[in-house]
Amino acid sequence: KKHYEILIIGGGTAGIMSAAQLLRQKKSKSIAIIEPADTHYYQPAWTLVGAGTYSFDKTAKPMAEMIPKGADWIKDKVTEFEADKNSIKTDNSGDISYDYLVVAPGLAYDFSLVPGLGDAMDKGVVCSNYTNPKHTWDVVKNFKGGVALFTQPATPIKCGGAPQKIMYLAEDYWRKNNIRSKSEILFATAGTVIFGTKVIADTLMKVVERKDINLRFNHKLVKVDGEKQIAWYDLTKDIKAGGCIVMSGENDGKYIDESFQYNYKDVKVTKKDGLYGIHFDMLHTAPPSVAPKFVRESNLVNEAGWLDVDIHSLQHKKYPNIFGIGDVAALPTAKTGAAVRKQVPIITDNIAMLINHKKLGSKSYKGYSSCPLVTDYGKMVLAEFDYEGNFTPDPKLKRMLITDSSKEHWRLWMFKKFMLPYLYWNRMMKGKNV
Ligand code: FAD
C-alpha cells in the first residue's frame with residue numbers, strides 16, 4: 001500500500017498552493033497530490049471571458065506543469081475516506097495512507113436542486129460563467145433586447161459576487177451597442193442585500209442605480225423551464241439563502257407579502273402554485289453547489305454537508321491530522337481563491353508544527369476573502385472582508401493599489417485583468433509570498 005507523509009486531495013487552487021508551500025518549508029518527507037484532471041483552470045478570469053475581454057485559453061494550464069517538482073502526482077479520483085485508518089480509497093490506484101491529509105477537492109454542481117436548469121444550461125439563451133464562459137459571451141453578444149435575467153441559486157456558491165459581475169459588464173456592453181434601451185435587466189437573488197459588507201453594498205447600490213437594474217431580493221430559484229424561458233421563484237419567508245451573496249446575504253426571515261410585490265416593470269411574471277415565473281430572453285446563473293459526493297457521503301462533514309473544520313485553525317473537528325481548505329470547507333465566508341491565499345499559510349504552518357512539535361501553530365484564519373467586483377469595462381471595486389463582514393483591505397494590496405478599493409477605480413480593473421493572473425501563476429501557485 002502506498003504511503004505519504006502528506007497527501008493532498010485536489011490539484012486546484014488550494015491543492016497546488018498547499019503543495020508548493022509545503023515543499024518550500026522543506027519539513028516533510030513525502031508529498032503527493034491526487035488529482036484526476038488534465039487541466040488546471042484559473043477560474044476567476046472566467047468573468048472576463050464571459051464578457052469577451054479575456055481569452056479562455058489563457059485561463060488553462062496543463063496539470064502536469066502545475067504539480068510542483070518534489071510532489072508526486074497520482075492521477076486519480078478519491079472515492080472514499082477511511083479516516084480511522086488514515087487512508088483513502090481511489091478509483092484505480094488502490095488505497096493510499098497518510099500521516100497528514102489536506103482535503104481540497106473544491107465543490108461540485110448539483111443541478112437536481114433546481115429542476116430543469118441542468119437541461120437548459122449552456123444551451124440557447126441560458127448561460128453560466130461557471131460552466132462555459134465562452135457560451136456566456138455568445139449569449140451576451142447575440143442578445144437583441146428584452147428581459148435579461150441574472151440570478152443565482154440559494155446554495156453556497158464559489159465567488160458569491162460572480163453572478164452580478166457579469167451583469168454589470170453585460171449592461172456596459174449593451175449600452176455601448178444600443179441594446180440597453182430595448183432591455184430590462186433583472187437581478188434576482190434569495191439574499192436581502194446586494195453585498196454583505198456595508199461599504200461595498202453602498203458602492204454597488206449606486207452602480208445598480210446608475211445602470212437602472214431591477215433588483216429582486218428574497219427570490220429563491222426553484223426551477224427553470226428552458227423551453228418556455230421561465231425561471232421559477234419561491235418568495236416565501238422560509239428562504240434560507242446560505243452564503244448566496246456573501247455570508248450575511250442571508251434572508252433575515254422577513255415575510256414578503258403580496259402588497260409589497262415589486263414592480264416588475266415590463267417583465268412578464270406568471271404566478272402558479274405559489275411560485276413566481278419570470279419570463280426571460282436570456283438567463284445567466286451560477287449552478288447549485290454542494291461538496292463533492294465522496295465528501296458529502298463521508299463522516300467528515302457538518303449538517304450542511306461541507307467539510308467540518310475549525311474555522312480558525314482549519315483542522316478537522318474529529319480528525320486532528322486532517323485539514324480542509326478551499327471551496328469544500330465549511331467556513332462562513334465567501335468561497336474564493338483569495339480566501340485560499342490566506343488559508344494555505346495557516347495549514348502549512350499547522351502541519352509543520354505538528355510534524356516537529358506535535359502541537360498546532362498559533363496562526364489563526366479570520367475569514368479573509370475577497371471579491372473583485374468589476375462594474376464596467378475598465379472599472380472595479382475590490383471587496384475584502386472577514387468572518388464578521390468587516391471591510392478588511394489587505395495592507396500589501398493597499399500599498400500596491402494606492403486607492404480606496406471600496407470605490408470604483410480603473411486601477412483596480414487593471415489589477416484584475418493583468419496583475420492578479422500574473423500573481424496567481426507566478427507566485428501563488430509557486431508557493432511564494434503574495
Ligand atoms: P478548485 O480550484 O475548483 O480545485 C478543485 C480540484 O479538485 C479540481 O482540480 C478537481 O479536479 C479536483 N477534484 C475534485 N474531485 C476530486 C476527487 N474526487 N479526487 C481528487 N481530486 C478531485 N475566486 C477569487 O478569488 N476571485 C474571483 O474573482 C473569482 N471569480 C470566480 C469566477 C467564477 C466564474 C468561478 C467559477 C470561480 C471564481 N472564483 C474566484 C473562485 C475560485 O476559483 C475558487 O474559490 C478556487 O478555485 C477554490 O479552490 P479549490 O482548490 O478549493 O477548488
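Before anything else, my burial rule: a residue is buried if 20 or more other C-beta atoms lie within 10 Å of its own, exposed if 12 or fewer, and partly exposed in between, with C-beta atoms placed from the backbone. The model is predicted, so I take local features only at pLDDT of at least 70 and side-chain atom pairs only at pLDDT 80 or more, while totals for chains, interfaces and linings use all residues. Residues are numbered from 1 along each chain as its sequence is written.

**Entry: M167.** I looked up M167 and found that M167 is buried, because 24 other C-beta atoms lie within 10 Å. M167 sits in helix α6; helices (H or I, at least four residues) and strands (E, at least two) are DSSP runs numbered from the N terminus. What does M167 touch, leaving out residues up to four places away in sequence? I get F150, I185 and F187, with contact meaning C-beta atoms, placed from the backbone, within 7 Å. I also checked M167 against S30: they are 137 residues apart along the chain, and their C-alpha atoms are separated by 45 Å.

**Entry: the sheet with F150 and F187.** F150 stands opposite F187 in β12. Strand β11 (residues 146–151) runs parallel to β12, and six bridges join them; I call two strands paired if DSSP finds at least two bridges between them. The open sheet has five strands, ordered β10-β18-β11-β12-β13, with parallel pairing.

**Entry: around β8.** Next I followed strand β8 (residues 95–103), which runs parallel to strand β1 (residues 2–9) through seven bridges. Within that pair, I8 has V102 as its bridge partner. Strand β7 (residues 87–90) is antiparallel to β8, with three bridges, and S87 stands opposite S97. β7 and β8 make a hairpin with four residues between them, and G94 in the turn has a positive phi of about 75°. β8 also runs parallel to strand β20 (residues 322–324), again by three bridges, and there V103 is partnered with G324.

**Entry: two asparagines.** Most residues other than glycine have a negative phi. I noted N178 with phi near 60°, a positive value, in the loop between α6 (162–176) and β12 (183–188). Is N178 buried or exposed? N178 counts as exposed, because it has 9 C-beta neighbours inside 10 Å. N218 also has phi near 60°, and is found in the loop between β13 (214–216) and β14 (220–225). N218 counts as buried, because it has 23 C-beta neighbours inside 10 Å.

**Entry: domains.** The assignment, from an automatic or database source, gives domain 1 (2–107 + 291–367) and domain 2 (110–288). Their C-alpha centres lie 31 Å apart. I count 15 residues from domain 1 and 20 residues from domain 2 in the contact.

**Entry: the record.** UniProt, in an unreviewed entry, lists residues 6–23 as "transmembrane region"; such annotations may be inferred rather than shown by experiment, feature names are shortened, and positions follow the numbering used here. In the model, residues 6–23 are 61% helix and 22% strand, with the end C-alpha atoms 10 Å apart.

Definitions and conventions
Contact = placed C-beta atoms within 7 Å.
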